[in-house]
Amino acid sequence: RMQQAVNVRVVGLLHAAAEETELGKRLAQLEEACELLLHADTPAEVAAGCFDYFAQLHSDPHTSLRRYAAHFLVRVGSHKPGLALRCLPIVVAVLADADS
């Protein structure tokens with residue numbers, strides 16, 4: 001039951017971040033979602049379910065969002081080691097970005 005509440009909260013935060021126009025608020029929402037996803041009690045599958053969202057950030061026009069996507073995925077790889085290999089291609093793409 002608690003895990004379902006976490007899932008609902010994460011989905012809400014990611015949706016709100018996608019709609020937010022102020023960059024600072026958007027990054028704060030992404031950070032809150034990240035903290036929930038990386039909590040020890042959150043199953044790796046839940047974090048994996050958000051990969052597409054963060055993968056799409058690597059083509060965002062805002063450098064800070066592209067960097068945050070890489071930051072999130074590196075943290076996923078360290079907190080949820082079973083997902084590390086799935087994180088690497090996106091991190092490599094973001095790090096290859098000239099703005100990184």
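This is a predicted model: local features need pLDDT of at least 70, side-chain atom pairs count only at pLDDT 80 or more; totals for chains, interfaces and linings use all residues.
The largest nonpolar core comprises 29 residues. Within this core, Leu14, Leu30, Leu37, Phe54 and Phe72 make the most contacts. Two or more core residues come from each of helices H1 (2-19), H2 (23-38), H3 (44-48), H4 (51-56), H5 (63-79) and H6 (84-95). The greatest contribution is that of H5, which supplies six residues. When neighbours within four places in sequence are set aside, Phe72 is in contact with Cys34, Leu37 and Phe54. In soluble globular proteins, nonpolar side chains tend to be buried together.

Helix H2 was examined for its length and its buried side. The 16 residues of H2, at 1.5 Å a residue, should span 22 Å, and this agrees with the 22 Å between its end C-alpha atoms. The buried residues of H2 are Arg26, Gln29, Leu30, Ala33, Cys34, Leu37 and Leu38. These residues lie on the same side of H2, because the arc that they cover around the axis is only 160 degrees. An α-helix has 3.6 residues a turn, so residues three or four places apart point the same way. The cover over the buried residues of H2 includes H1, H3, H4 and H5.

Helix H6 was treated likewise. Cys87, Ile90, Val91 and Val94 are the buried residues named in H6. Viewed down the helix axis, the buried residues of H6 fall within an arc of 105 degrees and therefore line one face of the helix. On the face of H6 turned away from this buried side are the exposed residues Leu85, Pro89 and Val92. Among the elements covering the buried residues of H6 are H4 and H5.

The cysteines were checked for disulfides, for which two sulfur atoms must be within 2.5 Å. The count of disulfides is zero. For Cys50, the closest cysteine sulfur is that of Cys34, and the separation of 9.9 Å is too far for a bond. Cys50 counts as buried because its relative accessibility is 8%, the cut-off being under 20%. Cys87 is likewise in no disulfide, with the nearest cysteine sulfur, that of Cys34, 11 Å away. At 3% relative accessibility, Cys87 also counts as buried.

Methods. Residues are numbered from 1 along each chain as its sequence is written. Side-chain values use heavy atoms; hydrogens and water are left out. A nonpolar core is a set of buried Ala, Val, Leu, Ile, Met, Phe, Trp, Tyr and Cys residues joined through side-chain atoms within 4.5 Å. Buried means under 20% relative accessible area, exposed over 50%, partly exposed in between (1.4 Å probe, protein chains only). Helices (H or I, at least four residues) and strands (E, at least two) are DSSP runs, numbered from the N terminus. Contact means heavy atoms within 4.5 Å. The expected span of a helix is 1.5 Å times one less than its number of residues. The arc is that of the directions from the helix axis to the C-beta atoms.
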